[in-house]
Amino acid sequence: MKTDAIVLAGSPNQGRLRECSPVANEALIPIGNRFMVEYVVTALLNSQSIEQIVIVGPVDELLPIYCGQPRVILTEAGKTVLESLQNGVAKLQTPGHVLIATCDIPLLKAEAVDAFLDKCGDLEADLYYPIVSKEINEKYYPGVKRTYVTFKEGTFTGGNLFLFNLEVLPRCAAKGEELVKLRKSPLALSKQIGFLFIVKFLCKLLTLKETEMRFSQLLGLKGKAVILEYPEVGIDVDKPSDLELARKVLA
């Protein structure tokens, strides 16, 4: 399948990463002689499945790099992730599904993008989300710390790619923002998700299908997890050890 892509590159550089690389925007963290976001964009440009790419982020800094590149469009980030996404969508003319990527997965490979989109199949779902098994992560990047969730089918970590149906954005945007705001209030979030669901999660009895169904209900769309064998989709740079790994691999 062919689709366009939006790269979210407007997040501020904060926390311990700011000590390692004191730039204002995480997309502009240097890795070798390039910005972090450039590695993500290069993977998308080399993908056989991606047509246009919209980078939502620091236009002034990226304009000298992508000026004259016909497949890359630049636009400023919004105050929230949703606003940034809407800014990116406004630059695209094609309705339907679009690939969304964050700027902090510099190890992303073009073949991972193609494999993910190929596994999304006939696009019967509104949201596709890649997950990678702990075994695959440990095989290729032993010792790298990731957040894992255990289901009946195995233990997985999430990726930072999403294939999203833009037609459902208006109806699920408000609910998505509400859930994001509740992430720091476990009690309020648990009321939304459901007590039984949380108990099964804690007891490691949940199946992937049950999880897909519950979050589809919460967001008002049809979601589907895609098991992928490319750990690079989930190795995001959010701490100094991640940045050190990225610099070592991409040196």
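A: In this predicted model, Ser 216 sits in helix α10, which covers residues 208-219. Its relative accessibility is 13%, so Ser 216 counts as buried, the limit for that class being under 20%. The side chain of Ser 216 comes to 2.6 Å from the backbone oxygen of Glu 212. Leaving aside residues up to four places away in sequence, Ser 216 is in contact with Leu 221, Lys 222 and Gly 223.

Leu 196 belongs to helix α9, residues 195-202, and is exposed because its relative accessibility is 61%, where the class requires over 50%. Together with Phe 195 and Val 199, Leu 196 forms a nonpolar surface patch with about 340 Å² of accessible area in total.

As for the rings, the count is two aromatic pairs. Tyr 129 and Phe 162 make up a stacked pair, with 5.4 Å from centre to centre and 10 degrees between the planes. This pair joins distant parts of the chain, since Tyr 129 is in strand β7 (residues 127-133) and Phe 162 in strand β10 (residues 161-165), 33 residues apart. With a relative accessible area of 30%, Tyr 129 is partly exposed; Phe 162, at 26%, is partly exposed as well.

Phe 151 and Phe 156 form a tilted pair, its centres 6.4 Å apart and its planes at 50 degrees. Phe 151 has a relative accessible area of 13% and is therefore buried. Phe 156 is buried too, with 7%.

Terms used. Residues numbered from 1 in each chain as written. Predicted model: local features only at pLDDT ≥ 70, side-chain atom pairs only at ≥ 80, totals over all residues. Heavy atoms only, no water. Helix = DSSP H or I, 4+ residues; strand = E, 2+ residues; numbered from the N terminus. Buried < 20%, exposed > 50% of the residue type's maximum accessible area, 1.4 Å probe, protein only. Polar contact = N/O pair within 3.5 Å; in protein donor to acceptor, adjacent residues only side chain to side chain. Contact = heavy atoms within 4.5 Å. Patch = residues over 30% accessible without salt bridge, like charges linked within 9 Å, V, L, I, M, F, W, Y side chains within 5 Å. Areas by Shrake-Rupley, 256 points an atom, 1.4 Å probe, with all protein chains shown as cover. Salt bridge = Lys/Arg side-chain N within 4 Å of Asp/Glu carboxyl O. Phe/Tyr/Trp six-rings, centres within 6.5 Å; stacked < 30°, edge-to-face > 60°.
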